[in-house]
Amino acid sequence: MDPLHLRSAGTSLVMGFDSGEAEVIHWGADLGSTLPDLAILGEPIPHSAIDANVPAGLLPQASSSWRGRPALRGHRITDGVSGLDFSARLRTVTATAEGSSAVVIVQADPDAGLTVSSALTLHDGGLLELRHTLTNDGDTPYQLDELATVLPVAPDAVELLDLTGRWCRERHPQRRPIQQGTWVRTGRHGRTGHDSSLLFAAGTPGFGNRHGKVWATHLAWSGNHEQFADSIGDGRTMIGGSELLGPAEVILAPGASYTTPALFAAYSDRGLDGISEAFYSWFRSRPHHVLPAAGTATSRKPRPVVLNTWEAVYFDHNLSTLIELADSAAELGVERFVLDDGWFRGRRDDHAGLGDWYVDESLWPDGLTPLIDAVTSRGMEFGLWVEPEMVNLDSDIVRAHPEWIVGPSVQSYKDGGRLPIEWRNQHVIDLVNPDAWQYIFDRVDALLRENNISYLKWDQNRDQLEHGHAGRSSVHEQTLAAYRLFDELKKAHPGVEIESCSSGGARVDLGILERTDRIWASDCNDALERQTIQRWTGLVVPPELVGGHVGPTTSHTTARTHDLSFRAITALFGHFGMEWDVRGVQGAEREELKRFIALYKEHRGLIHSGRMVRADVPGDSLMLHGVVAPSGASQGTVRPGTTAALFALVSTGTAFAEQTGRITIPGLEPDQDYRVEAIFPAPGDADYAHTFTQVQPPAWLADGAVAGGRFLAEVGLPMPILNPEHALVVRFTAL
C-alpha cells in the first residue's frame, strides 16, 4: 500500500503501511510535494531487542512489540469469563483518501473480532484532527478500557509544556524535560477541570512565544480524561490523550461502536504563536463560529459589550434596582445585559432552588417581562444565567424526584442510597435518565420560548466525583447527554447564544466549544490574575470566544485594588464586558470608561479576526501582546490610515532594571511603515498619572513616531517605565 501524504500551511503528515499496520512516518514540517522511497527509513536492530523494526503505529500495540502505552486496552467477555482477546493484532485493511486533506484508515483483527476506523483531517490552517471508532465485530460483549489517540514527535522535542491551575487561577504553565517514562495528566472531575491542561506541547529546548519547534495536542472532551507524553527506551516519544473510562463504563455489545473524542494537533516552527494560528484558523473557519449578524447570511455579529449583574447585585433582585442598572449600562454603551443567579423559585442564596427553573413569582409577579422590556427598549439584548445540570436538595424537583440525583447507589437517597458529598450545596442531576433529561430540556426550552432571551450564561458549578447511573459509572453517558442537551436547544433556538461557564473556567475544551459561543475563562476578575489566565487560554481559544470583564475597583475574589485602565486593558483582548455596579461610576472615571467602551467597539473587528502576537520579553515583570490585522497575498494589504495592530504593554510587577529599555515589536509587516502612538490611558484620563513613574517619558510617547515593521521588530522602541500592575495600549496605523 502506497504512503499517504497530507499537506497544509507548512505542515506534512505522512502515513506508511509497510509494516502491515498504519504508521505515522512524519508529523511536522512540510516535506514538499515529492517523497523518497520510505524504505530508506528502516531502523537498525540492536542487541537484546525485538528482531524486527517496531512501528510507531497510529494505534500503538503490544502485538507489534510496542513497549509504551498501548492505544487500545480491553477484553472480551464470554460465558462470564473475561480477559479474552486482550491483545489485538490490528492490521490495515483500507486507507482511503478523501480529497487532498483527509484520509480514513481501517484496521482490523478478524480473530479478535475488532475493527478500528481512523479519520484524519489536516485542515487548511495546519490543524490536524484525529479520531478512532472501535467496532465489536464479534458475537460476545467487549469491555473497552481505553482507546487513545496519539502522535509521534521528533527527537529534538525534549521539553514539555502543559497547564494546570485551580479555581480563580486556571491555566498556568509548567515545564519539564521529556525524560524516559510517561508523564500523565489525569482529570477525574466528571468535567474538564480547573487544573486540566488545555494543551500538551512538546518542543525544542527553550521554545517560546515566537521561536522554536513545537508539537502540540488538545483533547476535545468535557468529561474524565488523560493526556500524556510517553517516551520509551528506544528514544521515541508519543503525545496524546484519551477519555478516562470508569469501571466497565463502556461494554460494546456485538455490532456496537465507540468513537473517541477528537484529538486536535498542531505543529509550528515559529513557537507557540504558530500553534495558536493553527487553532484560530480552524475556529474561525467553522460555519457556526460567532452567529451571523441579523439579516445577513455570512457577516459575523460583533461581540457585544456585556454587563453581567453578579458582582453588581448578587442575589438582591429588585426590579427598580435592576432597571437603574440597565439605564446606567445603556448610557455607557452596553449592548447585552445579563441577569445572573437569583431569579428562579426559592433562590435567595446558594442553598436552595437549583432545578426549579421557573421564574419566582414572589420576586417577579409579572415574570421577567418588565425587566426584559426595559433592557431591550434601551437597545440591549437580554441574557439569563442558568445551571441546568445541577440541583439543590432543597428544591421542588428533588422532593418530587430524589432518584434523579447522580450518585454511587442504585437506590435514591430517600430509599437508603448514598449521596456524594455536596459541593457548593449542590448535586448533579442525572441526564442519563431520559425523564430527567426531558424535564431539563422542557424547562430551558420554555424559558426561551416564553421570554425574549438572546443569551444564556450556562453554569456548571461542581465536580462529579462519584458519578453513577443505576449503580454504574456514567461520566461518559452524562457528558454525551449534556452535549445532546446543548445541541437540541441550539436546534430549537438557533438565534440564542450560549456561554459555557463552569465555576469559572473548569469546562474549557473544544468539545464544549463546538456547542457554545463563548467561555467564561475564570470566576476571577482580578486583572493581574486574568493576565496569565487569558494569555494561556488564548493559546488555543481565540479572543472573541473568551469572556473578559472589568470588575469592581477592589476584586471580589482576591481583594486586590487596581485602576480602571489596568482592568479595562486586560479585558480588551477578549469578549469585553463588565461585572460591576456601574451606577456608582461617576465623574472622570465614568468618562474614562465610556471612552474605553468606544475604543473596544472601534477595534473589536481587528481583535476578533487578527493574528495573536506575543513577544518574548526578557524577565517576568513585563508582557507585550497584541493583535495584528490579517495581511499577505491571501488576505490583501491593510489600507493606509487604518489600524494595523493593537498591542498592550503590561507591567505585572517591579522590574530588575531601572529602565524598561527597548522592546521589539514582532509580527508586523517588515516592509510596511507605521505610525506608533499610545492611545490608552491618555493624558487627561483619570488613571494616566498613576500609570508611570518617570521624570521624562520616552521620546515617542507624547506625540507618537513613525517606523518600519522591520525596524520595530529588530531595534524596537524604548518603553515607558510603567508602575507595577498597570498597562498601556499602543496603536500601529499603516501609512
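## Exercises: pocket, cavity and helix packing

The residues lining the largest pocket divide into 26 nonpolar, 11 polar and 10 charged; here Ala, Val, Leu, Ile, Met, Phe, Trp, Tyr, Cys and Pro count as nonpolar, Asp, Glu, Lys and Arg as charged, and the others, Gly among them, as polar. The model is predicted: local features need pLDDT of at least 70, side-chain atom pairs count only at pLDDT 80 or more, and totals for chains, interfaces and linings use all residues. Residues are numbered from 1 along each chain as its sequence is written, and side-chain values use heavy atoms, with hydrogens and water left out.

**Exercise 1.** Describe the largest pocket and its lining.

*Solution.*
- Step 1, term: on a 1 Å grid over the protein atoms alone, a pocket is an open set of points with protein on both sides within 12 Å along at least five of seven lines, whereas a cavity is a set where a 1.4 Å probe fits but cannot get out; lining residues have an atom within 4 Å of a point.
- Step 2, volume: the largest pocket holds about 1,400 Å³ of space, counted as the space filled by probe spheres set on the points, which are joined across faces, edges and corners.
- Step 3, lining: 47 residues line the largest pocket, and Glu23, Leu41, Glu43, Val54 and Arg236 are the closest to its centre.
- Step 4, elements: strands E3 (23–29) and E11 (149–153) each give two or more residues to this lining; the largest share, 5 residues, is from E3. Helices (H or I, at least four residues) and strands (E, at least two) are DSSP runs, numbered from the N terminus.

**Exercise 2.** State how helices H3 and H4 pack.

*Solution.*
- Step 1, geometry: H3 (residues 319–332) and H4 (residues 369–377) pack at about 15°, with axes 10 Å apart. Axes are lines fitted to C-alpha atoms over the stretch in contact, and angles run from 0 to 180 degrees between N-to-C directions.
- Step 2, class: H3 and H4 are therefore roughly parallel, the term for angles under 35 degrees.
- Step 3, contact (heavy atoms within 4.5 Å): Leu319, Leu322, Ile323 and Ala326 of H3 meet Pro370, Leu371, Ala374 and Val375 of H4. By class these are 8 nonpolar, no polar and no charged residues.

**Exercise 3.** Find which residues lie nearest the centre of the largest cavity.

*Solution.*
- Step 1, volume: the largest cavity has about 200 Å³ of space.
- Step 2, lining: of its 19 lining residues, Gln534, Arg535, Phe573, Met612 and His625 lie nearest the centre.
- Step 3, share: H9 gives the largest share of this lining, 5 residues.

Terms used: Angles under 35 degrees count as roughly parallel, over 145 as roughly antiparallel, 65 to 115 as roughly perpendicular and the rest as oblique.
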